[in-house]
Amino acid sequence: MAITKIIADSITSGAIANTPAFLASCSSGASLSATTWTKLNFTNEVFDTNSAYDASNSKFTCPANQDGKYMIGFNVRTDGATNQLRIIAAIKINDKFALYTELIDDNNSQATAMGLQVSIVCELAVNDYVEAFCYQNSGGTLTQIANIASQDPDGDQRFWGYKLL
């Protein structure tokens, strides 16, 4: 009985609720110029437990009294390019690169879409902010592919995060 009460109280108080948490998806993709870092669009807020995600500028800001360790990540997919292509997805914290991952396709003659995911466990202080960026070198402009609402309303183009225990 005592263990049940402690667990129930912890969940109710948020001690083990993994909040703040947010999930946003892409309803209108960004134009990705070649050899330029571009901030990605995740303007469709699916949920935001603490009103810490600003969908108008695709930015999560650590709210008051919520500093700690967070899991942050996103998925990005671009339309195809017909020449050598390098795509880098990066998470920035306070406008500084925290982590990136890249995909290189040196034989992309089919103009196929390419995508990747990046995630990080990071320490955030109050008012630290997190954003998602992409870089590509196709030689032309590519587009961040938006979600297709009829197939998956929350989509596979997602920016997400939550506070860890």
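## Backbone exceptions in loops

Serine 51 is exposed, at 68% relative accessible area. The residue sits in the loop between β4 and β5 (53–54). The model is a predicted one.

Asparagine 127 also has a positive phi, about 75 degrees, without being a glycine. The loop between β10 and β11 holds asparagine 127. With 56% relative accessible area, asparagine 127 is exposed. Asparagine 94 is a further case, with a positive phi near 55 degrees in the hairpin of β8 and β9. Most residues other than glycine have a negative phi, and most peptide bonds are trans. The bond between threonine 19 and proline 20 is cis, with omega about 10 degrees. Proline 20 belongs to the loop between α1 (2–13) and β1.

## Confidence

Mean pLDDT for the protein is 82. A value of 70 or more is reached by 77% of the residues. Residues 6–12 stay under 50. For that stretch the model has 4 contacts beyond four places in sequence.

## Sheet and hairpin

Five strands form an open sheet, in the order β4-β1-β13-β7-β10. The pairing is antiparallel. Which strands stand at the edges? They are β4 (44–48) and β10; each has a single partner strand, so one side of each lacks a neighbour in the sheet. From one strand to the next, the twist averages 10 degrees.

Within this sheet, β1 pairs with β13 (residues 158–163) over 5 bridges, in the antiparallel sense. Alanine 24 stands opposite phenylalanine 159 of β13.

Strands β8 and β9 (residues 96–105) pair in the antiparallel sense over 9 bridges. Here isoleucine 87 faces leucine 103 of β9, the two standing opposite each other. The hairpin has 2 residues between its strands.

## Nonpolar core

The largest nonpolar core counts 32 residues. Phe42, Ile72, Phe74 and Phe159 have the most contacts inside it. At least two core residues come from each of β1 (21–25), β7 (68–78), β8 (85–93), β10 (114–124) and β11 (129–136). The most come from β10, which gives 6.

## Aromatic pairs

The structure holds 11 aromatic pairs. One of them joins phenylalanine 42 and phenylalanine 159. Their ring centres are 5.6 Å apart and the planes make 40 degrees, a tilted pair. Phenylalanine 42 lies in the loop between β3 (38–39) and β4, and phenylalanine 159 in β13, so the pair ties together parts 117 residues apart in sequence. Phenylalanine 42 counts as buried because its relative accessibility is 0%. Phenylalanine 159 is buried too, with a relative accessible area of 0%.

Phenylalanine 60 and tyrosine 70 make another tilted pair, because their centres lie 5.8 Å apart and their planes stand at 55 degrees. Phenylalanine 60 is in β6 (residues 59–61) and tyrosine 70 in β7, so this pair links parts 10 residues apart in sequence. Phenylalanine 60 is buried, with 1% relative accessible area. Tyrosine 70 is buried at 0%.

Both pairs belong to one aromatic cluster, made up of Phe22, Phe42, Tyr53, Phe60, Tyr70, Phe74 and Phe159.

Note on methods. Residues are numbered from 1 along each chain as its sequence is written. This is a predicted model: local features need pLDDT of at least 70, side-chain atom pairs count only at pLDDT 80 or more; totals for chains, interfaces and linings use all residues. Side-chain values use heavy atoms; hydrogens and water are left out. pLDDT is the predictor's confidence in each residue, from 0 to 100. Contact means heavy atoms within 4.5 Å. A nonpolar core is a set of buried Ala, Val, Leu, Ile, Met, Phe, Trp, Tyr and Cys residues joined through side-chain atoms within 4.5 Å. Buried means under 20% relative accessible area, exposed over 50%, partly exposed in between (1.4 Å probe, protein chains only). Helices (H or I, at least four residues) and strands (E, at least two) are DSSP runs, numbered from the N terminus. Two strands pair if DSSP finds at least two bridges between them. Axes are lines fitted to C-alpha atoms, for helices over the stretch in contact, and angles run from 0 to 180 degrees between N-to-C directions. Rings of Phe, Tyr and Trp (its six-membered ring) pair if their centres lie within 6.5 Å; planes under 30 degrees apart count as stacked, over 60 as edge-to-face and the rest as tilted.
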